[in-house]
Amino acid sequence: LDKGNLKSVSFEDAADKYRIESKDILRYARQDVAEAFVDEIKLTTQPGFTLRIPLTAPIPAKRLKKLKLSVAVNDTETNVLIPNVFNLDESPLVNVQRVMNGWNLHNKKHRQLCDSTIQPVIKNIFPMDKTTRSSRVDFGLVSSPKASVIIPLYGRYDFMRYQLSNFSRFESLKDYEVLYVVDDPKISHAVEELAKELSVVFPQPFSVITLAENMGFGGANNIGVKYATSDNLILLNSDVLPKDGTWADKMIAQIDNNDDVGVVGARLLFEDNSIQHDGMAPMVLKEYPELLLNDHPNKGWPVSLSKNSAKVADCPLLTAACIAISKSLFEEVGGFDPAYVLGDFEDSDLCLKVLETGKRNVICRDIELNHLERQSQNLVAAGDWKHKLTIYNAIIYN
């Protein structure tokens, strides 16, 4: 591969042969290859490659050992051994890491080929039409609630204790329906046991919706909305803690009193009371000049240094960590798009869809809540694949 032009790769089993041209092959560095040949040749090209081969039909297990791979370099075709064949792992995240392994974010061609090479495989791992079984258990009910509060739970189910303590202390949601959506089957039993305990300790009524499979942030919210009995919604992260008892009423009032308002956000603060979210804005990074990403202006600043006064203002893009929206509007625009994996850009995507209906989005900077930020996402295994997934979501968003 190092001395010539990689033209194509052919792949065949006992029944079919598939040929992939070089323009659809992603080349990347292989440190193990470079080290293996360090005394023999100096590599001038990237010896690793990734390609996606659409099959006309699934390959039966008995034929997997008969797979053949041929690589055409210049005018010579060479057979390559296939020592290992991996089927999809039970863990979707393991599969995502494998797919992302050779995807080089800093190579513009790699980003351009995301749609044809990476995205179809990720969609197979996380199908957009995926559904799952769900069940609801109520620990007290609120008749004719002012709004339904949807709170996904992943990993950190202990946040239920702190939130319900907070809600009860301020009595901020006594007239609201609180729906916890357990998006993590591994913790479903522990959540059930904790819910029984908390229902005795705190007066705040709440319900627990358990999902049979992990659906991701957007999918969990979409299912929670289906269970909502109010036409007003508040979508809230489990690591958000209100600072007083007026926040929910103020957010819902913006929807009830203004027909042209779509999404309502609030000012979110870190635990040291510096700014975590004061509205979002599009930005471009020099590493990815063709992509619009989301920026959080003034993030980390003391509130006193912000030029934004503590009042209601138009704000096109808002974080879904804490937003209010009518259920009818949420469903009209299709809810959160399931194309985004794990969680990134669903909120700005939703905000843009709402703007397209002719409504405006606003932020209530006179409402402050603490947001610990990404406590659940940080439970996912570390690695550069997480950043790759963010850029993958950005490509879909763009």
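Buried means under 20% relative accessible area, exposed means over 50%, and partly exposed lies in between, with a 1.4 Å probe and protein chains only. By this scale Asp175, at 32% relative accessibility, counts as partly exposed.

## Basis of the model

The model is predicted: local features need pLDDT of at least 70, side-chain atom pairs count only at pLDDT 80 or more, and totals for chains, interfaces and linings use all residues. Residues are numbered from 1 along each chain as its sequence is written, and side-chain values use heavy atoms, with hydrogens and water left out.

## Nonpolar cores

A nonpolar core is a set of buried Ala, Val, Leu, Ile, Met, Phe, Trp, Tyr and Cys residues joined through side-chain atoms within 4.5 Å. The largest one holds 56 residues, and Val96, Met100, Trp103, Ile118, Ile122, Phe330 and Tyr392 have the most contacts inside it. Helix α11 (residues 384-397) supplies the largest share of this core, eight residues. Helices (H or I, at least four residues) and strands (E, at least two) are DSSP runs, numbered from the N terminus.

Contact means heavy atoms within 4.5 Å. Neighbours within four places in sequence left aside, Ile122 is in contact with Val96, Val99, Met100, Val341 and Tyr392. Another core, of 40 residues, lies apart from the largest one; Ile187, Met251, Cys322 and Ala324 are among its members.

## Helix α11

In α11, 10 of the 14 residues are buried, and the helix is mostly covered. Those buried are Trp385, Lys388, Leu389, Ile391, Tyr392, Asn393, Ala394, Ile395, Ile396 and Tyr397. They pack against α2 (92-100), α3, α4 (114-125), β16 and α10 (346-355).

The expected span of a helix is 1.5 Å times one less than its number of residues. For the 14 residues of α11 this should give 20 Å, and the end C-alpha atoms are 20 Å apart, which agrees.

Strand β11 (residues 232-236) is mostly covered, five of its five residues being buried. Asn232, Ile234 and Leu236 lie on one side, Leu233 and Leu235 on the other, and both faces are covered.

Two strands pair if DSSP finds at least two bridges between them. Strand β8 (residues 148-153) runs parallel to β11 and is joined to it by three bridges; here Ile150 stands opposite Leu235. Strand β18 (residues 322-326) runs antiparallel to β11, with five bridges. Ile323 in β18 is the bridge partner of Leu235.

## Salt bridges

A salt bridge is a side-chain nitrogen of Lys or Arg within 4 Å of a carboxyl oxygen of Asp or Glu. The whole structure contains 25 of them. In one, the closest N and O atoms of Glu77 and Arg19 are 3.9 Å apart. Glu77 lies in strand β6 (residues 76-80) and Arg19 in strand β2 (residues 17-21), so the pair ties together parts 58 residues apart in sequence. Glu77 is partly exposed at 42% relative accessible area, and Arg19 is partly exposed at 46%.

Arg111 and Glu290 also form a salt bridge, at 2.6 Å from N to O. Arg111 sits in helix α3 (residues 108-112) and Glu290 in the loop between β15 (281-283) and β16 (293-295), 179 residues apart. Arg111 is buried at 6% relative accessibility, whereas Glu290 is partly exposed at 37%. Lys174 and Asp175 form a further salt bridge, with the closest N and O atoms 3.4 Å apart. Lys146, Lys174, Asp175 and Asp249 are linked in a salt-bridge network.
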